[in-house]
Amino acid sequence: MAGLMVSGTQVSYVGQYCREIPEYLGRDFGHFAKRLDLSFNLLRSLEGLSAFRSLEELILDNNLLGDDLVLPGLPHLHTLTLNKNQITDLEYLLDHLAEVTPSLEYLSLLGNVACPNELVNLEKDEEDYKRYRCFVLHKLPNLKFLDAKKVTRQEREEALVRGAFMKVVKPKSSSEEKEEAASLEDHPQYTPLPSGSRELTSHRGVLGKGRYFYYGKNSEGNRFIRDDQL
């Protein structure tokens, strides 16, 4: 079969532009495969992966997997790479992995919006990436490698203390930004100033009535001004 390579317990189906996992892969190889490489396809769903119950390594780089990613229970999986997909919701992904991949030790998310670094967004810097690593290790404390970099003892200790406070906020999508802008137009922010005083070129004072009266005897300023200075 074109594009299929099988070597021992390793199965590769790379660069075939498939949108879903072919049924025959699970039927013919799922019962013995320990390493499955499905990179450089067009996968949006992992339906059919449940046939690969003995997987230890899963390579899913360069696909179209997003925040609706669902993995079956893979109790033996220790390596998962999801580089260059369309994942933005880091917390959802980590909670899901903690539930279905209890043996995970190696995880790579480079090239996703959920992994804040300069490869994806030039506005991100090294500090953003450090916070991301701290949060990931808080959620998945058994990881030994994250994004091809070994987890250090210092990182692990910091994750125990500060990891819960390092949550990476999911960026707003373009549709969410448009909805927010439309909402502001329909419901402009309240301002107590008259319309005339809101103009930057207007310097006129604004007078209004109030129920408080000032007598001056308790003025903080007057305590420090002598009569000859008035």
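## Reading a predicted fold, step by step

Author: Welcome! The protein has five helices and eight strands. Please keep in mind that this is a predicted model.

Reader: Thanks! In what order do the elements of the protein run from the N terminus on?

Author: They run β-β-α-β-β-β-α-β-α-β-β-α-α. Of the 230 residues, 34% count as buried. As for contacts with a separation of 6 or more, residues 24 or more positions apart account for 45% of them.

Reader: Now the strands. What is the order of the eight strands in the open sheet?

Author: The order is S1-S2-S3-S4-S5-S6-S7-S8, and the pairing is mixed. Strand S1 (4-7) and strand S8 (149-150) are the edge strands, each pairing on one side only.

Reader: Could we look at one pair? How many bridges join strand S6 to strand S7?

Author: Two bridges join S6 (residues 106-108) to S7 (residues 145-146), and these strands run parallel.

Reader: On to helices. How are two packed helices described?

Author: By the angle between their axes and the distance between the axes. Here, helix H3 (residues 126-139) packs with helix H4 (residues 153-162) at an angle of about 75°, and their axes are 8 Å apart. H3 is therefore roughly perpendicular to H4.

Reader: Which residues of H3 and H4 make the contact?

Author: H3 brings Arg133, Cys134, Leu137 and His138, while H4 brings Glu155, Arg156, Glu158, Ala159 and Arg162. Sorted by class, this contact has three nonpolar, one polar and five charged residues.

Reader: I spotted a cysteine in there. What is a disulfide, in general?

Author: A disulfide is a covalent bond between the sulfur atoms of two cysteines. With a cut-off of 2.5 Å between cysteine sulfur atoms, the count here comes to zero disulfides.

Reader: Is Cys134 buried or exposed?

Author: Cys134 counts as buried because its relative accessibility is 6%, under the 20% cut-off. Cys115, at 0% relative accessibility, is buried too.

Reader: Last one: where does Pro75 lie?

Author: Pro75 sits in the loop between strand S4 (57-59) and strand S5 (79-81). With a relative accessible area of 40%, Pro75 is partly exposed.

Reader: And which residues does Pro75 touch?

Author: Leaving aside residues up to four places away in sequence, Pro75 touches Arg53, Val100, Pro102 and Ser103. Take Ser103: Pro75 and Ser103 are 28 residues apart in sequence, yet 6.2 Å apart in space, C-alpha to C-alpha.

Note on methods:
Residues are numbered from 1 along each chain as its sequence is written. This is a predicted model: local features need pLDDT of at least 70, side-chain atom pairs count only at pLDDT 80 or more; totals for chains, interfaces and linings use all residues. Side-chain values use heavy atoms; hydrogens and water are left out. Axes are lines fitted to C-alpha atoms, for helices over the stretch in contact, and angles run from 0 to 180 degrees between N-to-C directions. Helices (H or I, at least four residues) and strands (E, at least two) are DSSP runs, numbered from the N terminus. Angles under 35 degrees count as roughly parallel, over 145 as roughly antiparallel, 65 to 115 as roughly perpendicular and the rest as oblique. Contact means heavy atoms within 4.5 Å. Ala, Val, Leu, Ile, Met, Phe, Trp, Tyr, Cys and Pro count as nonpolar, Asp, Glu, Lys and Arg as charged, and the others, Gly among them, as polar. Two strands pair if DSSP finds at least two bridges between them. Buried means under 20% relative accessible area, exposed over 50%, partly exposed in between (1.4 Å probe, protein chains only).
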